[in-house]
Amino acid sequence: MSATNSGLNSDRGSVFWGGVWMIVIPVLLFWLPGIGGFIGGLVGGKVSGGIGNALIAWLVSSLLVGVLFATLGTMLTGMVAIGVLAGLGGLFLAFLDAGARLIGAIIGGLIA
């Protein structure tokens, strides 16, 4: 195989890296609720390479963020009941942001 055809087609995109961008950008733009998620979804959808890959990346990143919010919220407080409530609050906020990421992922997947 030549160096240009090494089995890594850059035109296809990557679900993994699309999902990473869908998590990293909203975290960096936390001070722009909704808009940060939309921008993260847009970039992640474009990096994923298509609408199908963008939707898979969105689903995986949304589930991962939700589970992390619930788990870390429960672990960070000393009392389990308060931790569960804090974790569920974070999970609710993650799902609100997931809607903006979904719209961005669809648009990003369409322009990829």
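## Where α1 meets α2

In this predicted model, V15, W17, G18, W21, M22, I25 and P26 of helix α1 touch G36, G37, I39, G40, G41, V43, G44, G45, V47 and S48 of helix α2. Contact here means heavy atoms within 4.5 Å. Sorted by class, this contact has nine nonpolar, eight polar and no charged residues. Ala, Val, Leu, Ile, Met, Phe, Trp, Tyr, Cys and Pro count as nonpolar, Asp, Glu, Lys and Arg as charged, and the others, Gly among them, as polar.

## How the two helices pack

Helix α1 covers residues 15-28 and helix α2 residues 35-48; their axes lie 8 Å apart, at an angle of about 165°. Axes are lines fitted to C-alpha atoms over the stretch in contact, with angles from 0 to 180 degrees between N-to-C directions. The pair is therefore roughly antiparallel, a label for angles over 145 degrees.

## The whole protein

Stepping back, the protein has four helices and zero strands. Helices (H or I, at least four residues) and strands (E, at least two) are DSSP runs, numbered from the N terminus.

Of its 112 residues, 29% count as buried, meaning under 20% relative accessible area with a 1.4 Å probe, protein chains only. Among contacts between residues at least 6 apart in sequence, 72% join residues at least 24 apart.

## Reading the numbers

Residues are numbered from 1 along each chain as its sequence is written. Local features need pLDDT of at least 70 and side-chain atom pairs 80 or more, while totals for chains, interfaces and linings use all residues; side-chain values use heavy atoms, leaving out hydrogens and water.

Note on methods
Parallel < 35°, antiparallel > 145°, perpendicular 65-115°, else oblique. Buried < 20%, exposed > 50% of the residue type's maximum accessible area, 1.4 Å probe, protein only.
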